[in-house]
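Please open the structure in your viewer and keep the selection tool at hand.

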Amino acid sequence: MVKKDSSTEEKIKNAARAVFHKKGYAATKTRDIAEEADINLALLNYYFGSKENLFNVVVIETLQTFFQSMLVAINDTDSTLEAKIEIIVDKYTDLLINEPQIPVFIMSEIRNDAGQLLDRLPIKKMLWATILKQLTDEREKHNLPPMNPIYFITALLGLVVFPFTAGPIVKHLGDMSQEDFNNMMLERKKLVPGWIMGIIRSDIKEKKQKNRI
């Protein structure tokens, strides 16, 4: 039996990233990855077993690296709430442009076992209490009642992630190329933080009362 070598393993993972990015998960065959890595198919199967397992390893490593890069920004007690949101939106958008398979992977993993996915990512190391305290302070500064943090989180995820999840529909409706779509996402990076801050500073109760008049 061939002893597993870390350099060969990295070579296969790098090849897989390139092929998954180019062809997408569904259209990729293990033979494509083996050819990209310049190894035989048997060796690829020995290292990773299946295309699905290799895909999971590659995406999880990408997400772990991404969240590790976010730790410093999220845990910074000196930066403002708006600055944190700008960083989150910027980094998420760049990640999803460069790794278009991630939204599909996440949706699939959430359906299978969301807890298992979250346990494999360093999300718990993020000091969400810092952001939530800043959220409360921002509401108080504008004389607004407390906001359920879930409203903030869903607004953030929805505005950043959903356009990528719905990318095929958006591109079809807008008759857009992939480059057009990516350029639109880059433009949205400048807009989304302001939209989220607008949600944070809005008074839903007051609007409801006005609508009843």
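A patch is made of residues with over 30% relative accessible area and no salt bridge, where like charges are joined within 9 Å and nonpolar side chains (Val, Leu, Ile, Met, Phe, Trp, Tyr) within 5 Å. A salt bridge is a side-chain nitrogen of Lys or Arg within 4 Å of a carboxyl oxygen of Asp or Glu. Accessible areas come from the Shrake-Rupley method with a 1.4 Å probe, and for residues only the protein chains shown count as cover.

The model is predicted: local features need pLDDT of at least 70 and side-chain atom pairs count only at pLDDT 80 or more, while totals for chains, interfaces and linings use all residues. Residues are numbered from 1 along each chain as its sequence is written, and side-chain values use heavy atoms, with hydrogens and water left out.

First, select I150, Y151, I153 and L157: together they form a nonpolar surface patch with about 370 Å² of accessible area. I150 lies in helix α8; helices are DSSP runs (H or I, at least four residues), numbered from the N terminus.

Next, select P163, which is also placed in helix α8, residues 149-165. Is P163 buried or exposed? P163 is buried, at 10% relative accessible area; buried means under 20%, exposed over 50%, and partly exposed in between. Then display G158, V170, F181, M185 and R188, which P163 touches, leaving aside residues up to four places away in sequence. Contact here means heavy atoms within 4.5 Å.

Finally, select I85, whose contacts beyond four places in sequence are F152, L156, P193, I196, M197 and I200.

Note on methods
Helices (H or I, at least four residues) and strands (E, at least two) are DSSP runs, numbered from the N terminus. Buried means under 20% relative accessible area, exposed over 50%, partly exposed in between (1.4 Å probe, protein chains only).
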